[in-house]
Amino acid sequence: MIKTRLILALLTASLLQQCSYSQDNSSTTNTPKMDSSNKKNPVYSNSDSSKVTMSEEDWKKILPEDVYYIARQKGTERPWTSKFENFKEKGTYYCAACGNALFQSDTKFESGCGWPSFYQPISKSSIIYTPDNTHGMERTEVQCGRCKAHLGHVFEDGPPPTGLRYCINGVILDFAKAKDAEKQYNKEKPQQ
Ligand SMILES: [Zn+2]
């Protein structure tokens with residue numbers, strides 16, 4: 001009996017450790033959350049669709065380091081490190097730099113490439129496409145349609161109906177659960 005308890009305790013401890021490890025791994029010090037670190041980001045909005053133009057210097061001041069690295073320096077997070085890679089909650093993914101809605105969870109699929117993958121953006125204007133010939137490859141870069149943050153790349157080996165695979169850095173994604181968005185909507189909706 002004591003032995004079983006000990007094993008259980010050890011198991012729990014190692015699970016907890018794994019949990020906190022993966023959390024640390026996917027987010028460094030400042031994971032952008034809808035209402036914490038974004039308070040100091042004056043352009044962050046889930047509803048304002050006006051274009052954002054800001055100097056790199058100002059971006060650096062308001063974005064967490066890991067987001068700045070991806071968004072403004074076109075960095076790439078290490079594969080398999082994003083908490084969104086195998087994430088299956090229903091909801092909406094927003095640009096972590098400016099709050100622009102980018103993807104719906106029902107267009108997300110398991111590509112096995114190591115980064116969160118989608119087959120279709122939320123709307124045509126939510127994304128900008130730019131040819132990228134760096135690293136000896138011909139790729140198409142995808143950027144946020146509102147603030148031009150680097151998001152990742154799009155490839156033509158995705159599933160139907162689009163046949164596209166938007167391979168996106170998880171660091172540049174903010175997620176809001178469908179239920180939360182609905183609650184927000186109902187709160188803002190005038191009473192009938
Ligand atoms: Zn953006």
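Predicted model: local features only at pLDDT ≥ 70, side-chain atom pairs only at ≥ 80, totals over all residues.

Q: How many bridges join E5 to E6, and do they run parallel or antiparallel?
A: There are 6 bridges between E5 and E6, and the two strands run antiparallel.

Q: What about the hairpin of E5 and E6, how many residues sit between the strands?
A: The hairpin has 6 residues between E5 and E6, and His135 in this hairpin takes a positive phi near 55 degrees. His135 is not a glycine. As background, most residues other than glycine have a negative phi.

Q: Is His135 buried or exposed?
A: His135 counts as exposed, because it has 7 C-beta neighbours inside 10 Å, and 12 or fewer is the cut-off for that class.

Q: Let me zoom out a bit. What order do the 6 strands of the open sheet take?
A: The order is E3-E4-E8-E7-E6-E5, with antiparallel pairing. At the edges are strand E3 (108–109) and strand E5 (127–132), each of which pairs on one side only.

Q: How many bridges join E4 to E8?
A: Strand E4 (residues 117–118) is joined to E8 by 2 bridges, and the two run antiparallel. Within that pairing, Ser117 has Cys167 in E8 as its bridge partner.

Q: And what is the order in the open sheet of 3 strands?
A: That one reads E2-E1-E9, again with antiparallel pairing. E2 and E9 are its edge strands, each pairing on one side only. On average, neighbouring strands of this sheet are turned by 30 degrees against each other, direction ignored.

Q: Over how many bridges do E1 and E2 pair?
A: E1 and E2 pair over 3 bridges, in the antiparallel sense. Tyr93 stands opposite Phe103 in E2.

Q: Changing topic: which residues have the most contacts inside the largest nonpolar core?
A: They are Cys95, Ala97, Ala149 and Ile172, in a core of 35 residues. Several elements supply at least two residues each, among them helix H3 (65–71), strand E1 (91–95) and strand E7 (150–155).

Q: Tell me about Ala97, then. Where is its place in the chain?
A: Ala97 sits in the loop between E1 and E2. Ala97 is buried because 31 other C-beta atoms lie within 10 Å, against a cut-off of 20 or more.

Q: What does Ala97 touch, leaving out residues up to four places away in sequence?
A: Its contacts are Leu63, Val67, Ala71, Cys144, Cys147, Ala149 and Ile172. Ala97 and Ile62 are 35 residues apart along the chain, and their C-alpha atoms are separated by 8.8 Å.

Q: Where does the cis peptide bond with omega near 5 degrees fall?
A: The cis bond runs from Pro160 to Pro161. Pro161 lies in the loop between E7 and E8. In general, most peptide bonds are trans.

Q: Now the whole chain: how many helices and strands are there?
A: The protein chain has 4 helices and 9 strands. Along the sequence they follow the pattern α-α-α-β-β-β-β-β-β-β-β-β-α. Buried residues make up 30% of the 192 residues.

Q: What share of contacts with a separation of 6 or more involves residues 24 or more positions apart?
A: Those pairs account for 59% of such contacts in the protein chain.

Q: Last one, on confidence. What pLDDT does the chain average?
A: The average is 84, and 74% of the residues score at least 70. Over residues 14–37 the pLDDT is below 50, and that stretch has 18 contacts in the model beyond near neighbours in sequence.

How values were computed. Residues numbered from 1 in each chain as written. Core = buried A, V, L, I, M, F, W, Y, C linked by C-beta atoms within 7 Å. Pairing = 2+ DSSP bridges. Contact = placed C-beta atoms within 7 Å. pLDDT = per-residue confidence, 0-100. Axes fitted to C-alpha atoms, helices over the stretch in contact; angles between N-to-C directions.
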